[in-house]
Amino acid sequence: MREVLFIQSNKEQWKQYEKALANDTLLSSDYLCSMYLQVLNDLGYAQTFYPNSTVTQYLNALTAQIYQKIYKRKPIQQNRVKYFFKTEVPLIVYQYRSYLAFTVVIFFITVAIGVISGHYDQSFVRLVLGDTYINTTLDNIQSGDAMAIYKSGSSWSNTLMIAINNIYVGIRMFLYGIFAGIGTLIFLLYNGIMLGSFQYFFIAHNSFLQSFKGIWLHGFMEIIALIIEAFAGFILGASILFPKTYTRLQSFKIGFNKAFKIFIATIPFTITAAFIEGFITRYAKQMPDILNYLILVTTFGCIVYYFFIYPFLVHRKTQNSPELSPEYKTF
């Protein structure tokens, strides 16, 4: 690449870094590290092809300036946990919003496959859910309580086992992204088809309303958290497939860091869903409809707001503050 073209391609980014460094009071450590790796990469390129150029001297000085900011600046004095959930994760979600849209579309396609398969082949539902679950639930439906299966066992032990299992599933959904996103896609396909066939089973036996008022008390948080974990897996896969100006290893480290933060943000919702399933779902039939629908709307609204609406509000709030989150404004 000619030197003039190299400068034209990168000068706006360098100017943005200079502006951010000049206002680094609230600059995040993650962004400083990302900035350092990017400029260091540009410096290495310039030293190779333009060793005696002024652009090489400029990048060397900019790299040194960033290095000093990383190791000599005063740490940000704030509640790290509050910042993580209130600002950092929403901005990461906004940054990768196109990946989130892709994940949602793929998920609904897989659910539709499950519904259609269950409709045209009753044996498919048994294959996916297992004979034991199907036979037990059929007995419950005939006895008038389709959700009776949720009444067995201790509330505390059920909650603990459900939480552990769902977090384990979420970890797999996220980490399978390391296989260039294909692992996450396959696992999402499996879970989406299973959900579709599972819900169609109740529709086919005229128990949809009972299942909706019972299963989805905890299901909204549980399933949407799973979608978000798949979203994190696709971010991880994309960091390997599309390193952009980074080396593949640098891109993977950045992608893993951001995807892991998204996964961590799903854990409170997963635990809440497990608590509802263990303690509340068992009372779905006896529960007043107004309370039932209130819980349904609240659980759905909370997780949808946090992952699908709130990121846009945070971005809008910070877009005029380059010192706070400049790394999220280049996408």
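The largest pocket has a volume of about 910 Å³, a pocket being an open set of points on a 1 Å grid where a 1.4 Å probe fits, with protein on both sides within 12 Å along at least five of seven lines. The model is predicted, with local features needing pLDDT of at least 70 and side-chain atom pairs 80 or more, while totals for chains, interfaces and linings use all residues. Residues are numbered from 1 along each chain, and side-chain values use heavy atoms, without hydrogens and water.

**Pocket lining**

**Helix packing**
- Helix 11 (residues 248-279) and helix 12 (residues 289-318) pack at about 175°, their axes (lines fitted to C-alpha atoms over the stretch in contact) being 12 Å apart.
- That angle makes helix 11 roughly antiparallel to helix 12, a term for angles over 145 degrees.
- A265, T266, F269 and I276 in helix 11 meet T299, C302, I303, Y306 and F307 in helix 12, where contact means heavy atoms within 4.5 Å.

**Aromatic pairs**
- The structure holds 34 aromatic pairs, counted when ring centres lie within 6.5 Å.
- The rings of F187 and Y190 have centres 6.4 Å apart and planes at 5°, so this pair is stacked (planes under 30 degrees apart).

How values were computed:
Axes fitted to C-alpha atoms, helices over the stretch in contact; angles between N-to-C directions. Helix = DSSP H or I, 4+ residues; strand = E, 2+ residues; numbered from the N terminus. Parallel < 35°, antiparallel > 145°, perpendicular 65-115°, else oblique. 1 Å grid on protein atoms, 1.4 Å probe; cavity = no way out; pocket = protein on both sides within 12 Å on 5 of 7 lines; lining within 4 Å. Points joined across faces, edges and corners; volume = space filled by probe spheres on them. Phe/Tyr/Trp six-rings, centres within 6.5 Å; stacked < 30°, edge-to-face > 60°.
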